[in-house]
Amino acid sequence: MGFIYSLRASPCVGSGYVEAALNPRNGTCAQMTDIGRERKKNHPHTNQLFPPPVVMTASSLHSDCLVVLFGATAGAYRAKLGSDERELILLVWQVVDLHSKKVGTLHKCLVKADNLELSDQCREVTGLTSEGLSKAEPLDRVLQQFSQLVSSDLKALGRNTYTFCTDGQLLIRQVLHPEASKKNLLLSDCFYSFFDLRKEFHDCYSNVAPVKDQTIQSMAEYIGFRIDETEEDFGVWQVKAMVAVIFNMLPDTCVADDRFTVPETVKYKYETGPCSKSEAVDSETVIRARGLPWQSSDQDIARFFKGLNIAKGGVALCLNAQGRRNGEALVRFVNSEQRDLALERHKHHMGSRYIEVYKATGEEFLKIAGGTSHEVAQFLSKENQVIIRMRGLPFTATPEDVLGFLGPECPVTGGKEGLLFVKYPDGRPTGDAFVLFACEDYAQNALKKHKEILGKRYIELFRSTAAEVQQVLNRYMSTPLIPTLPTPIIPVMPPPYTIAAGSVRDCVRLRGLPYTAGIDDILEFMGDATVDIKPHGVHMVLNQQGRPSGDAFIQMKSSDRAFLVAQKCHKKMMKDRYVEVFQCSGEEMNFVLMGGTLNRSGLSPPPCKLPCLSPPTYAFQTAAAVIPTEAAIYQSQALLPQSRTQQASAAAAAAAVAAATPTVTYYPAQAAQLYMNYTAYYPSPPVSPTTVGYITAPQAAVAAAASATHTPMLPQPGALVRMQGLPYNAGMKEILSFFQGYQYAPDDYNGLIQLNDQARSVLQAPKDWVCL
């Protein structure tokens with residue numbers, strides 16, 4: 001049996017019972033006095049020491065017996081049990097007959113963990129050592145022995161069924177289920193329901209502390225049960241105290257039909273299902289999980305939160321702008337208690353990756369998982385189906401083609417009704433489809449066809465979720481055929497702003513910032529030195545995923561101020577981390593902001609400067625301006641290429657209007673080389689720009705804007721459109737053919753751009769276009 005210590009107990013009636021304890025010297029069991037008589041002798045007025053419980057009504061007991069269970073891990077204890085992912089090392093249990101008020105044998109069992117290193121708190125509290133645990137049995141063997149011993153005790157008591165009773169929910173939900181899931185152990189049905197002694201005690205007695213503040217000691221003290229931790233092994237006295245509390249909660253009659261009737265339950269598996277945008281979602285039940293492997297499914301996420309009850313259809317995988325998973329998910333639990341337990345799994349591991357867990361809101365969940373399409377609701381109405389997403393289908397693919405591709409080894413639920421093709425609002429196919437399978441085996445057979453050929457294209461297959469179906473459909477159905485620019489409100493004339501440059505060391509670099517730190521945190525960290533920060537002088541560096549990298553740059557008013565800040569704030573604490581502060585120059589700052597690195601060995605150029613690493617670049621005329629997608633308010637003529645006649649007239653008028661004309665917002669062609677996928681600028685409050693930056697426009701552009709005779713704003717709606725995902729061999733003819741039926745009349749362009757006769761004829765008849 002390994003290291004299982006049995007402490008024999010004789011049956012007794014009422015609250016008194018005879019128990020035995022392990023002799024620490026020779027390992028034998030020594031019989032002890034009847035606890036009921038001992039307490040009656042020391043406390044003659046026993047009924048006064050045990051406050052009368054509140055009467056509870058119920059029809060019948062859930063089971064014949066309780067198995068009082070207590071455990072410990074190699075790490076945190078009590079309220080933090082299971083929060084550090086440490087393994088189980090100790091189990092103590094005893095069977096209690098609720099009808100006859102008898103008890104079985106008290107068992108104490110050590111469990112061999114994969115990592116035998118114990119925390120200081122664990123060694124101090126439990127008295128266990130790594131050497132002792134190394135001789136114990138692993139968890140799977142211990143669970144087998146546990147089942148055998150409980151069955152034997154039940155047989156001795158003449159009972160058949162039992163339910164666990166634990167001190168709180170952490171042992172079952174945060175320790176046993178997660179560890180069994182990671183070790184691929186199948187827990188028996190008894191581990192999916194249990195009684196929380198703290199809740200039962202709180203329901204039984206009206207004037208006790210809240211459930212979260214209850215402990216075994218406080219419950220024992222309330223009923224007058226004396227605990228001597230020095231005389232008993234760790235785990236043994238806890239179980240004895242819990243048994244005493246249970247007996248005190250039971251009525252004096254021989255049948256206890258009003259206690260321990262509604263157990264806590266653990267869901268066997270995650271249930272899929274649709275979510276409507278009109279559904280009310282409590283923000284206290286939603287979390288955001290970040291750092292997920294891109295191939296993870298809703299079942300993988302449910303397994304990460306094993307032991308906690310996720311609401312039906314409560315896993316929503318987030319997608320990026322390209323419709324691919326971005327490593328985040330929103331998870332909705334059945335109540336706030338389960339959500340709070342989920343937050344304790346912050347930075348627990350899924351495979352080799354740690355997962356960050358944060359609070360989220362119901363609005364965020366509905367934005368991702370909610371839908372209004374009747375077609376989607378009907379498709380997802382078939383519950384407990386495995387959903388597979390197919391991507392890259394030929395636009396001409398039919399349901400028969402998809403069913404033939406999948407073959408008879410993976411039949412689709414309902415045939416054609418189990419297929420959902422994703423389409424644009426005008427009915428054009430997107431190349432995506434979702435498929436329903438009745439069981440996991442069929443889905444696995446379908447996934448084996450990943451990147452097989454249908455027609456002339458290879459097809460990608462992934463696990464999917466109901467929330468992903470909603471997201472993809474919402475994304476495509478809400479996409480306009482021709483996106484339009486937002487309507488400008490008023491022209492903006494921002495002050496000139498340039499990024500720092502040069503070798504003057506008037507900047508400081510902050511390294512090691514908490515990832516949750518924002519501008520306000522940095523300003524608070526700087527303290528009185530914030531008055532010496534230049535306007536727009538705070539720049540936070542983001543990584544390639546658009547998340548904070550832990551670095552920031554601050555432009556100071558002088559190099560002396562930068563030196564003082566570096567001396568004063570170096571290794572100063574921000575939240576739970578110390579931050580390194582170094583003095584640097586504007587040139588060094590720009591290198592990092594553009595994607596380069598700054599370390600002890602000097603400057604490393606940004607990735608766009610290295611061979612074989614730079615993204616594809618495109619040729620722009622030097623006279624043309626690059627218009628970012630964020631630019632919704634601008635002076636139109638300052639952004640358009642000028643003809644030679646315009647340039648000549650602009651040069652003549654430039655001197656006359658230079659002094660009187662304010663600076664306009666101008667995006668030069670060089671801005672195309674700011675690889676913002678590597679870094680991003682964050683403005684400093686309170687008057688910072690909301691775009692990348694503002695650079696003074698050339699005088700020729702200013703003159704052209706001032707001398708323009710037509711409207712200064714682009715016609716609305718929809719003067720410019722941006723196209724993404726073009727084939728690399730697409731030319732002007734293909735683009736114009738794509739917009740067949742959406743052309744402006746030639747006269748509509750007079751207020752936008754200057755058209756020559758050839759361009760006007762192209763817009764009238766794009767199919768007759770001849771590339772020059």
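Of the 772 residues of the protein chain, 47% count as buried, where buried means under 20% relative accessible area, exposed over 50% and partly exposed in between, with a 1.4 Å probe and protein chains only. This is a predicted model, in which local features need pLDDT of at least 70 and side-chain atom pairs count only at pLDDT 80 or more, while totals for chains, interfaces and linings use all residues. Residues are numbered from 1 along each chain as its sequence is written, and side-chain values use heavy atoms, with hydrogens and water left out.

Colour the chain by secondary structure to begin: the protein chain has 23 helices and 29 strands, taken as DSSP runs numbered from the N terminus (helices H or I, at least four residues; strands E, at least two).

**The cores**

Select L69, W93, F164, F191 and F305, the residues with the most contacts inside the largest nonpolar core, which has 51 residues; such a core is a set of buried Ala, Val, Leu, Ile, Met, Phe, Trp, Tyr and Cys residues joined through side-chain atoms within 4.5 Å. Helix α5 (residues 139–157) gives the most to this core, with eight residues. A second, separate core of 46 residues includes L110, L118, C122 and F195.

**A buried glutamate**

Move to helix α6 (residues 170–182) and select E179, which lies in it. E179 is buried, with a relative accessible area of 8%, and, leaving aside neighbours within four places in sequence, is in contact with E87, L88 and L139. A polar atom of the E179 side chain lies 2.9 Å from the backbone nitrogen of L88; a polar contact here is a pair of N or O atoms within 3.5 Å, and within protein one must be able to donate a hydrogen and the other to accept it, while residues adjacent in sequence count only if both atoms are side-chain atoms.

**The five-stranded sheet**

Now display the open sheet of five strands, whose order is β12-β13-β11-β15-β14 with antiparallel pairing; two strands pair if DSSP finds at least two bridges between them. At the edges are β12 and β14 (348–350), each pairing on one side only. Strand β12 (residues 310–319) has nine of its 10 residues buried, and five bridges join β12 to the antiparallel strand β13 (residues 325–333). Select I310 to find its bridge partner in β13, F333, then look between these strands, where the hairpin has five residues and G323 takes a positive phi near 80°. Further across the sheet, four bridges join strand β11 (residues 286–290) to the antiparallel strand β15 (residues 353–359), and A289 has V357 as its bridge partner in β15.

**The helix on the sheet**

In α11, Q338, R339, L341 and A342 are buried. Seen down the axis of α11, its buried residues fall within an arc of 160°, so they line one face of the helix, the arc being that of the directions from the helix axis to the C-beta atoms. What covers them includes α6, β11, β13 and β15. Finish at the start of α11, where a side-chain oxygen of N335 reaches to within 3.2 Å of the backbone nitrogen of E337.

How values were computed. Contact means heavy atoms within 4.5 Å.
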